[in-house]
Amino acid sequence: MNLRAIFSAPVPSTLRIKPSIHPPRRSLAVSAQIPTTAATKFSVSDETLESRGFLLRRDTDDLNLDQLNAIFVAVGFPKRDPEKIRIALDNTETVLWVEYKKTKKPVAFARATGDGVFNAIIWDVVVDPSFQGIGLGKAVMERLIEGLLAKGICNIALYSEPRVLGFYRPLGFVADPDGIRGMVYSRKQKKKIAVTFFHQLFLLMNFFTPKLIVS
């Protein structure tokens, strides 16, 4: 979850903050196949979060997209067009974010898309770096997963940087379950293949043409 501090608002003295370092981004596909009968037990209750100054939000009515975008940029995501963020949210099945009551700003966020029955993919799991290390990311993920399971969805996947796989494993996620590998369409790879093909074709033409001419 590549995260860097962006907000100037002071963090409550009761919260422990962990700095983060940001290597180049690389993602792996991981998934969770969790029994739908699993009992719900959150690591921190809604009441405890509220007592610490945080509100859990499950809609986007009061979500400031510019502030959310700022978190995306801080954690290493490219800056996004706010209108495209809005469209993405309109096409998102489940959204969960945390508001810091003192500033009225989002400090943690995650969303899930899917078919509403069998499969779901979790996207954009981010925590404002100033609020990392106090359980907000886990609180969001636990409730997002619980909401998906409540709908009968048990095949849940996400993309993760290798260095944060340890965050997702305790939540029930595994990399390459049963040998299944995730694949992502890549324009760069397609372009590379095309360039390699034409380069090889060029070499072959240059290799054979002199012989044809000589003969």
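Is E99 buried or exposed? E99 is buried, with a relative accessible area of 5% (buried means under 20% relative accessible area, exposed over 50%, partly exposed in between; 1.4 Å probe, protein chains only). The model is predicted, so local features need pLDDT of at least 70 and side-chain atom pairs count only at pLDDT 80 or more, while totals for chains, interfaces and linings use all residues. Residues are numbered from 1 along each chain as its sequence is written, and side-chain values use heavy atoms, with hydrogens and water left out.

Eight salt bridges were found in a search of the whole structure (a side-chain nitrogen of Lys or Arg within 4 Å of a carboxyl oxygen of Asp or Glu). E99 pairs with R57, with 2.6 Å between the closest N and O atoms. R57 lies in strand β2 (residues 54–57) and E99 in strand β3 (residues 94–100), so the bridge ties together parts 42 residues apart in sequence. Helices (H or I, at least four residues) and strands (E, at least two) are DSSP runs, numbered from the N terminus. R57 is also buried, at 16%. A network of salt bridges links R57, D62 and E99.

R143 and D46 form a salt bridge at 2.8 Å, N to O. Helix α4 (residues 136–150) holds R143 and helix α1 (residues 46–51) holds D46, so this pair joins parts 97 residues apart in sequence. R143 is buried at 3% relative accessible area. D46 is partly exposed at 32%.

D124 and R111 also meet in a salt bridge (2.8 Å, N to O). Strand β5 (residues 119–127) contains D124, and strand β4 (residues 105–114) contains R111. D124 is buried at 11%. R111 is buried at 12%.
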